[in-house]
Amino acid sequence: MTLAHRYADTSKPSGSRKLLGLSLIALMISGCAVSTEPLNNHQTLQRAKQDMSQMYLNQEPVSGPITLHEAMARALKYNLEARLKLMEQALSERQLDVASFDMLPRVALEAGYTGRNNISASSSRSVQTGTQSLEPSTSLDNDRDVADLTMVWNVLDFGVSYVAAQQKSDQRWIAEEQRRKVVQTVVNDVRSAYWRAVAAERLLSKIDKLLDRVNAARRSSERMSSRSIGDPVVALNYQRTLIETTRQLEQQRRALSLAKTELATLMNLPLGTDYQLAIPNQKNLPVPQLNVDFNTLETAALIYRPELREQDYKVRISAAETKKTLLRMLPGLEVQAGGHYDSNSFLVNQSWADLGVKVTWNLFNLISGPSAHRAAEAGEAVAEAQRKALSLAVLAQLYVANANYSEAIRQYKTSQELRDIDDKILVQQRNRYRVQSIGELDLIRSELNAVTADLRQDLAYADLRNSYGQIFSTVGLDMLPKTLPSASVADISKAIASQEQKWQQGDLSDLKAAVNAPMK
């Protein structure tokens, strides 16, 4: 059979393959004109409804007055910012898993069809005589099916990918330290908002009653002034004093009115939820004592503070970057292996395997490598300098927190004494008012002083508890243990209360472990 007869039926592609080619061309043309529609109000409304339904999903209901430790537990479990950090930490772990696959060889599978509209034929010409030495011939079918499975492994790429995976692992630990920092911040915010909310729940009713009395006195004075009873200057001064009293009460009310809303936001309770707080007895509020050696706190702060540990990991990442610059200047050993298939009928073996080894070396890396290495070393030095500066700042923060705690104790004791005196004065003024020895304005002033003293004492106590908790937050100690019996609000609350009680009793077991054990 002649060559022409052999290819008489295969000189043109089949109709189905033509249709496939035209379809691919049409798809490519249509893909160049892609556009999207803007979001409409209905879509954003659906998104808003979905977000609102999921914000407070699967939360344990509030079954009674909320204590401080329950508020902390709810915030740690349901606060959206804390949950976001948990998700970011999980994302870092997934990215580490992805980076680990970069160390594996590259394996590629290819399969397809190739065809042409005429015969791939060629002839030869003599280089000596310039005449054609062979008649035109071919060794290739017009239509072929081909497949390849190849594996390429570069030792240099493996080394660089291994160092990059170590950097991803350190970034995962950085995400963990950032989560710890968010947890400590949330706990501090809850502590501050809780005690202000306690003051609000205790004093808002008193402020409202006193405001009603002041407004009634103002209306009475205005009626007397309208009837021209008494000295008009005296009446105006009286009204001015009452208005000033109203302003002070409104300022106090404003400072307290949003405390419960802020606390509800931290606990991720639906806004507008009517919840009650466990109000402690104002007469018997415990004063937290710092029964921990300050030198131990200093050492523990340098070990456990999340920002310092995060900086340690950044130093390791910078050191790994220095290693990568050195590796990139080395030659790479590349191993190739694969299996192949070709339906070409002229081939004696239509399937085969091959193996190869070669050395690759990007010589330009030898030129740019030293500069990149010096830049990486400079970055490593900067990271270490930042860590040292941060260490000094942490120690300074610890000293400031301790000073604030000592000052808060003095201010709280002073506010206690002032409140006791104002309470005694109020009792005397009420007795005098009953026998009409003083006027209503003097009694209102005494009641305002008493309410203000109560508010100052509550705020001073809130500041005392905040400054006390800030010491352990500055050290970087966690309120939660490593493991919990369950993730229920009750168990989290018990764990927080137990940890805080241990610190107040001067239990140094955790701190001693932090000081004696090096960071792994």
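Q: How is the packing of helices H9 and H11 described here?

A: Two packed helices are described by the angle between their axes and the distance between the axes. Helices here are DSSP runs (H or I, at least four residues), numbered from the N terminus, and axes are lines fitted to C-alpha atoms over the stretch in contact, with angles from 0 to 180 degrees between N-to-C directions. In this model, H9 (residues 294-304) and H11 (residues 364-434) pack at about 140 degrees, with axes 10 Å apart.

Q: Which residues make the contact?

A: Contact means heavy atoms within 4.5 Å. From H9 come Phe294, Leu297, Glu298, Ala301 and Leu302, while H11 brings Ser391, Val394, Leu395, Leu398, Tyr399 and Asn402.

Q: What volume has the largest cavity, and which helix gives the most to its lining?

A: On a 1 Å grid over the protein atoms alone, a cavity is a set of points where a 1.4 Å probe fits but cannot get out, and lining residues have an atom within 4 Å of a point; a volume is the space filled by probe spheres set on the points, which are joined across faces, edges and corners. The largest cavity has about 90 Å³, and H6 gives the most to its lining, with 5 residues. Among the lining residues are Val183, Arg191 and Trp503.

Q: Which residues line the second largest cavity?

A: Its lining consists of Trp195, Val198, Arg202, Pro280, Leu285, Asp458, Tyr461 and Ala462, around a volume of about 50 Å³.

Q: How are residues numbered, and what is left out?

A: Numbering starts from 1 along each chain as its sequence is written, and side-chain values use heavy atoms, without hydrogens and water. In this predicted model, local features need pLDDT of at least 70 and side-chain atom pairs count only at pLDDT 80 or more, whereas totals for chains, interfaces and linings use all residues.

Note on methods: Helix = DSSP H or I, 4+ residues; strand = E, 2+ residues; numbered from the N terminus. 1 Å grid on protein atoms, 1.4 Å probe; cavity = no way out; pocket = protein on both sides within 12 Å on 5 of 7 lines; lining within 4 Å.
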